[in-house]
Amino acid sequence: PPHVPLIVLVNDQTASSSELVAAAIKDARRGLLMGTRTFGKGTVQAIVRMADNSAVQLTIGRFKSPDDSLIPYRGIVPQLKTSLPPDEEAVHKILSSHFD
């Protein structure tokens with residue numbers, strides 16, 4: 001199939017599984033990330049109930065990108081940094097420089 005240009009918009013609200021997808025796209029060089037650094041959640045928690053009916057929340061896993069970079073607390077830095085929402089002219093200029 002022909003190569004279809006792909007840009008994924010990310011910002012500080014991009015977290016958890018959406019960060020994994022963004023990292024995979026970036027690391028595989030399949031598309032570009034545009035926006036601001038992602039949230040940096042990247043953890044998996046489990047709630048363990050205690051005998052006294054209280055609970056403890058434990059971090060049981062941390063997400064890594066395909067190139068083995070940790071996502072928690074760091075987030076993912078996009079290749080095209082811009083405040084969102086960008087104006088239409090700025091988007092056109094950025095896209096033209098990468099896909100012409």
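This is a predicted model: local features need pLDDT of at least 70, side-chain atom pairs count only at pLDDT 80 or more; totals for chains, interfaces and linings use all residues.
Local features require pLDDT of at least 70 and side-chain atom pairs pLDDT 80 or more, whereas totals for chains, interfaces and linings use all residues. Residues are numbered from 1 along each chain as its sequence is written, and side-chain values use heavy atoms, without hydrogens and water.

The protein has 2 helices and 5 strands, these being DSSP runs (helices H or I, at least four residues; strands E, at least two) numbered from the N terminus. Their order from the N terminus is β-α-β-β-β-β-α. The radius of gyration is 17 Å, well over the 13 Å that the globule rule gives for 100 residues, so the protein is more spread out than a compact globule; the radius is taken over C-alpha atoms, and the rule is 2.2 Å times the number of residues to the power 0.38.

| Property of the protein | Value |
|---|---|
| Span of the C-alpha trace along its principal axes | about 65 × 30 × 20 Å |
| Buried residues among the 100 residues | 25% |

Buried means under 20% relative accessible area, exposed over 50%, and partly exposed in between (1.4 Å probe, protein chains only).

K26 lies in helix α1, which covers residues 17-27. Its relative accessibility is 26%, and K26 therefore counts as partly exposed. Leaving aside residues up to four places away in sequence, K26 touches G31, L33, I76, V77 and Q79, a contact being heavy atoms within 4.5 Å. The C-alpha atoms of K26 and S65 are 9.2 Å apart, with the two residues 39 residues apart along the chain.
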